[in-house]
Structure formats: C-alpha cells, structure tokens
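Subject: Handover of a structure for your review

Dear colleague,

Please find below the structure that I am handing over to you. My findings follow it, and I would be grateful if you could read them alongside the coordinates.

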Amino acid sequence: VRMSPYILAQTLARFVILFSSIIPISLRVNMDMAKTVYSFFMMRDPEMAGTVVRSSFIPEELGRIDYLLSDKTGTLTQNQMDLKELHLGDVSFGREAMDDVRAMLLEAYHPDPGGHGRPRVVERVRRLLEALAVC
C-alpha cells in the first residue's frame, strides 16, 4: 500500500497531537517508579544502615548537597553534640585525625607568607568551621 506524502504527514501530525498529552504523564510515572526503586536501594544499602527514605525528593537533592549539618533538640542530649567524624567530599577525618584538622585550621587562618595558595582540603575545613560557628 502506497501512501501519498500529504496523507503520511497528516497521519504523523495526528499521531503527535493525540499522543503528546500522554507522553508527559507516562514520563512522570516512570520517574516516580525510578525514585521509588532508588529509595528502596538506598534503604537496603549495607553502608547506609538505618536509612529510612520518607520523601521522593531526597534522591534528587543528594547531588546538590554542599554541607550537611545536623542538630538535636536537646531533649536527650542536653544540646551537647559530639563530633565523631568529618566528611569533606573525598576526605574523611575520624576522631583519631582531629590533630590533622587542627593543623589544617592553623594553616588556613595563619597561612605561610611564602606559599602560593592553600590546598583545597584546608579551605574546605576552614569553611566547615565557619559554618559550624554560625550554627
């Protein structure tokens, strides 16, 4: 069966018009399903034990986090927080590495006059200290 180009174009235009309202709905359903599956995998990840995902927006926002500061209400801890670990991108400091953090802070606030700039980790430690001071 041979169709004329005019009828073929008309049929294609009808197809696009009829199904253009369906595509965004199906895309939305697929995105919600993907978020649900991703949230399920986050909760089942052994490296993130105890994680409970209560919102479908969290997986989208994880890529945009610069600082994650948490505070407790003080009902159980009397507003005393214990710094156990620092994560600054690709660098992590535990309790045993707090002397390294102290040395980096001294370097950040008292730079060597002969230096040509500070390392990136030192700058991140300095910004974290300032953010904690504001809280």
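A patch, as the word is used here, is made of residues with over 30% relative accessible area and no salt bridge, where like charges are joined within 9 Å and nonpolar side chains (Val, Leu, Ile, Met, Phe, Trp, Tyr) within 5 Å. Accessible areas come from the Shrake-Rupley method with a 1.4 Å probe, and for residues only the protein chains shown count as cover. A salt bridge is a side-chain nitrogen of Lys or Arg within 4 Å of a carboxyl oxygen of Asp or Glu.

The model is predicted: local features need pLDDT of at least 70, side-chain atom pairs count only at pLDDT 80 or more, and totals for chains, interfaces and linings use all residues. Residues are numbered from 1 along each chain as its sequence is written, and side-chain values use heavy atoms, with hydrogens and water left out.

Confidence and overall organisation

The pLDDT, which is the predictor's confidence in each residue from 0 to 100, averages 76 over the chain, and 72% of the residues score at least 70. Helix α1 (residues 5-19) has the highest confidence, at 85, and helix α3 (residues 58-61) the lowest, at a mean of 69. Where pLDDT is low, the predicted coordinates should not be read in detail.

The chain contains 5 helices and 2 strands, in the order α-α-α-β-β-α-α along the sequence. Helices (H or I, at least four residues) and strands (E, at least two) are DSSP runs, numbered from the N terminus. Of the 135 residues in the chain, 18% are buried; buried means under 20% relative accessible area, exposed over 50%, and partly exposed in between (1.4 Å probe, protein chains only). The chain exposes about 11700 Å², of which carbon and sulfur atoms supply 61%. With contact defined as heavy atoms within 4.5 Å, 29% of the contacts between residues at least 6 apart in sequence join residues at least 24 apart.

The nonpolar patch

A nonpolar patch on the surface is formed by Leu12, Phe15, Val16, Leu18 and Phe19, which together have about 510 Å² of accessible area. Val16 lies in helix α1 and counts as partly exposed because its relative accessibility is 47%.

Helix α5 (residues 120-134) has 15 residues and reaches 21 Å from its first C-alpha to its last, close to the expected 21 Å; the expected span is 1.5 Å times one less than the number of residues. Its buried residues are Val121, Val122, Arg124, Val125, Arg126, Leu128 and Ala131. These buried residues of α5 pack against β1 (86-88), β2 (91-93) and α4 (98-109).

The count of salt bridges comes to 3. An α-helix has 3.6 residues a turn, so residues three or four places apart point the same way. Arg126 is buried, with a relative accessible area of 17%, whereas Glu123 is partly exposed at 23% and Glu130 is partly exposed at 35%.

Helix α4

Arg102 forms a salt bridge with Asp99, with the closest N and O atoms 2.7 Å apart. Both of these residues, Arg102 and Asp99, are exposed, and their spacing of 3 residues in helix α4 separates them by about one helical turn. Met98 is also found in helix α4. Leaving aside residues up to four places away in sequence, Met98 touches Leu83 and Phe93. Met98 and Glu85 are 13 residues apart in sequence and 8.9 Å apart in space, C-alpha to C-alpha.

Helix α2

Met33 is placed in helix α2 (residues 22-44) and is exposed, with a relative accessible area of 51%. The C-alpha atoms of Met33 and Ser56, 23 residues apart along the chain, are separated by 9.9 Å.

With kind regards
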